[in-house]
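The following note sets out points for a colleague who wishes to examine the model at residue level. Please read each point with the structure open.

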Amino acid sequence: MSDTFLAAIAVRTRDMDGPPIAHTIAMRAAIAPFTVRIKKKSVMESGDYKVSDISLADFGRKELELAEHEMPGLMSARQEYGPGQPLAGIQLMGSLHMTIQTGVLIETLAALGADVRWCSCNIFSTQDHAAAGCVRGGTANIFAWKGETLEEYWWCTDKALTWPDGSGPDQIVDDGGDATLLLHEGKKFEIAFAKDGSLPDPATTDNAEFKCVLATIRDSIKKNPKRFHVMVDRMVGVSEETTTGVHRLITMADKGELLFPAINVNDCVTKSKFDNVYGCRHSLPDSIMRATDVMLSGKKVAICGFGDVGKGSAQSMRAQAAIVYVTEIDPICALQACMEGFQVATLDDIVSDVDVIITTTGNKDIITVEHMAKMKNNAIVGNIGHFDNEIQMEALEAATTRMNIKPQCDKFIFPDGHGVIVLAEGRLCNLGCATGHPSFVMSNSFTNQTLAQLELRKAYLEAGSVKSKSKYQNKVYLLPKELDEKVAALHLGQIGARLTRLSVEQAAYIGVKMNGPYKPSTYRY
Ligand SMILES: NC(=O)c1ccc[n+]([C@@H]2O[C@H](COP(=O)([O-])OP(=O)(O)OC[C@H]3O[C@@H](n4cnc5c(N)ncnc54)[C@H](O)[C@@H]3O)[C@@H](O)[C@H]2O)c1
């Protein structure tokens, strides 16, 4: 963003003569709802959507309205940017858990002018009333329901990527990178097809999910062998929500394979140090309790990984008076866990003794089938990292008999009669068994998403709509720290916090500007 733009933000965020503007906005929101008009689409009339039950729309609309009150960052983004319609005419696709909170993000992007299509990034995470509410609200074409099959999931992703005239998105909001992956793999296979007529063959992989990706691309090439080329050419950029998706993007960028610019929203301080930590601190115990109702106090809980998600998860279990163990590969995170009073151990050492085991690593094969065979009867196993491969689910299914207890809660029974209770089939338990993070923390993450989408657009327009001249090339970028501080500032008023203001002398003494940024980019929070 231009310096003038950032300066304007800083001044507006901290009005020196009155209360900080974030405080004023939050106060206003507490008294009366915002009244930014959103241009509606005729989604229901068009039939261009798929949700599980449109009769849930009224419930969805009520919860969307309640969530707006808890999402001051998004509501002030509507207020600030809505009148200028900076995303007018932009085709914006999202692949991110279709929850109520995401609904408020979707309606914010629509309020800024975007033409939005959306799918979930997880087969279990959709809140059906949220999906129905957005369709009824006419703010987005939604393709998502709770309990999709893998085939349906990739069908939804493909539908969300495709506008009625066959064109693709200008910009994507991604979570975990599946939409980005489909465009990249699609173009790769179209190139191979043009060269030698070969089509992707789902039989070439054992991975059930990748089989669906290959089948989707094969069917697309048969209809139009240049479809993904055209979509990639149109793309201005993607903003990525989570750690695992950012890892994928960085790997592609390092190999020179990334086909459009990406903004790493995860590593905004007001995302990863809030959503990943405090969001999981709220939603992990929520998911274990909703799924099992087991008392956690006095139980032994192992948290695998002590990064951001692990830190929040471990804190939440301690708050329940559980005895908490942590496993780590990184000596720094292991030492942090020790300093917090957690016992650091290997899973092999404690696996037969613990009652609950949660993976948070973003890595694979953390809990093996051999581990699960050694666990206590009815030990609870869950994953709060992004994908479903932290727990060896396929091997577990092969070695056990499955007893479904209720949706997203199964007992897998070994031949000796003992079994483990697995949450959400090894996928994100907080979104499968509960409703994800609460609105207030998601307002931080999603305000960053909104600013990232605006930033991608702004840079493109500043470059005269010539991508090669944009300041964003096919790499992974962070948002400026000023915006991170702005996002935090927008949430202080609602919870009654009052910022201390630096004096001119103090600012000079510690070497920062009066209006921030207050920390160097190397600061770790
Ligand atoms: N469920 C949610 O709501 C939610 C929210 C945010 C992020 N995530 C996902 O959670 C995962 C973790 O995110 P994060 O931000 O905490 O990442 P992070 O990198 O901060 O933490 C991961 C930790 O796992 C450790 N680790 C890696 N391999 C390990 C192993 N074999 N054994 C033990 N520890 C190991 C790493 O050293 C690291 O400290 C990612 O997949 C991310 O996408 C989920």
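**Notes on the predicted model**

1. Helix α7 has as its buried residues Asp 128, His 129, Ala 130, Ala 131, Ala 132, Gly 133, Cys 134, Val 135 and Gly 137. A residue is buried if 20 or more other C-beta atoms lie within 10 Å of its own, exposed if 12 or fewer, and partly exposed in between, with C-beta atoms placed from the backbone. Helices (H or I, at least four residues) and strands (E, at least two) are DSSP runs, numbered from the N terminus. The helix, residues 128-137, is thus mostly covered, with nine of its ten residues buried. The cover over these buried residues includes α3 (43-46), α4 (57-69), α6 (100-111) and β3. Gly 138 follows α7 and has a positive phi, near 70°.

2. On provenance, this is a predicted model, in which local features need pLDDT of at least 70 and side-chain atom pairs count only at pLDDT 80 or more, while totals for chains, interfaces and linings use all residues. Residues are numbered from 1 along each chain as its sequence is written.

3. The protein is divided into domain 1 (3-272 + 437-492) and domain 2 (280-385 + 389-426), with bounds that come from an automatic or database domain assignment. Taken over C-alpha atoms, the centres of domain 1 and domain 2 are separated by 31 Å. Seven residues of domain 1 are in contact with seven residues of domain 2, where contact requires C-beta atoms, placed from the backbone, within 7 Å. The side of domain 1 that touches domain 2 has two nonpolar, five polar and no charged residues. In this classification Ala, Val, Leu, Ile, Met, Phe, Trp, Tyr, Cys and Pro count as nonpolar, Asp, Glu, Lys and Arg as charged, and the others, Gly among them, as polar.

4. The largest nonpolar core has 139 residues; such a core is a set of buried Ala, Val, Leu, Ile, Met, Phe, Trp, Tyr and Cys residues joined through C-beta atoms within 7 Å. Ala 131, Ile 142, Ala 144, Ile 303 and Val 381 have the most contacts inside it. Helix α21 (residues 439-462) gives the most to this core, with ten residues. Because both domain 1 and domain 2 give residues to the core, it lies between them. Leaving aside residues up to four places away in sequence, Ile 142 touches Tyr 49, Val 51, Met 98, Trp 118, Ala 131, Cys 134 and Val 135.

5. An open sheet of seven strands has the order β3-β2-β1-β4-β5-β6-β15, with parallel pairing. Two strands pair if DSSP finds at least two bridges between them. The edge strands β3 (140-143) and β15 (476-477) each have a single partner strand, so one side of each is left without a neighbour in the sheet. Within this sheet, β1 (residues 91-95) and β2 (residues 115-119) pair over five bridges, and Ser 95 stands opposite Cys 119.

6. Strand β10 (residues 356-359) is covered on both faces: Val 356 and Ile 358 on one side, and Ile 357 and Thr 359 on the other, are all buried. Strand β7 (residues 300-304) runs parallel to β10 and is joined to it by four bridges, with Cys 304 opposite Thr 359. Strand β11 (residues 379-383) also pairs with β10 in the parallel sense over four bridges, with Val 381 opposite Ile 357.

Notes: Contact = placed C-beta atoms within 7 Å.
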